[in-house]
Amino acid sequence: MPTARKTDPLGPASIPVAEGEEPWTAEELAEVRDELTAEVARLERAISVAQAGLEDLFSDGSDGAGRDPADVGSTNFERDQEMSLAQNAREMLEQAQLALRLFDTGEYGSCESCGQPIGKDRLQVFPRATLCMTCKKREERR
């Protein structure tokens, strides 16, 4: 079955749906793919901006010599915030890129843990999803 899906990666019939859901239409799939592509581009820009901000913060001189301790603390806080935002954007970018790869290879829509359909409703709301709700809940409990 996986090889059949790989020959028609964008065909609506190749993307699984949860029980009770309508099959994907070509328009819905195009919309999801466009959303993933736009998200990848947006996240790449966000990472670029965050990197530039971090470079500015690091070049400000973080040794604190002759600087007010409150200014040093503020700069350190800003740097930590920027690093956290950049890391979060990198993780979301990786998720979006993985979802696009799965989409292009015809493997999109199946849970990477149990193999069951993720569900059309879930993917339309969260196109980067690679786990069904059951597996995602189980992962979050760990």
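This is a predicted model: local features need pLDDT of at least 70, side-chain atom pairs count only at pLDDT 80 or more; totals for chains, interfaces and linings use all residues.
I started with charge and found K137, R138, R141 and R142 gathered in a patch of positive charge on the surface. Patch rule: residues with over 30% relative accessible area and no salt bridge, like charges joined within 9 Å, nonpolar side chains (Val, Leu, Ile, Met, Phe, Trp, Tyr) within 5 Å. A salt bridge is a Lys or Arg side-chain nitrogen within 4 Å of an Asp or Glu carboxyl oxygen. Areas are Shrake-Rupley with a 1.4 Å probe.

Residues are numbered from 1 along each chain as its sequence is written, and side-chain values use heavy atoms, with hydrogens and water left out.

Next, R138: I have this residue in helix α5 (residues 133-141), partly exposed at 38% relative accessible area. Buried is under 20%, exposed over 50%, partly exposed in between.

Helices are DSSP runs of H or I, at least four residues; strands are E, at least two. Of the 142 residues, 33% are buried.

Last, how many disulfides? I get zero, with a disulfide being a pair of cysteine sulfur atoms within 2.5 Å. The C114 sulfur sits 3.8 Å from its closest cysteine sulfur, in C135, so that is too far for a bond. For C135 the closest is in C111, at 3.6 Å, also too far. I logged C114 as partly exposed at 39% and C135 as buried at 5%.

Notes:
Lys and Arg count as positive and Asp and Glu as negative; His and the chain ends are not counted. The place of a charge is taken as NZ of Lys, CZ of Arg, CG of Asp or CD of Glu. Buried means under 20% relative accessible area, exposed over 50%, partly exposed in between (1.4 Å probe, protein chains only).
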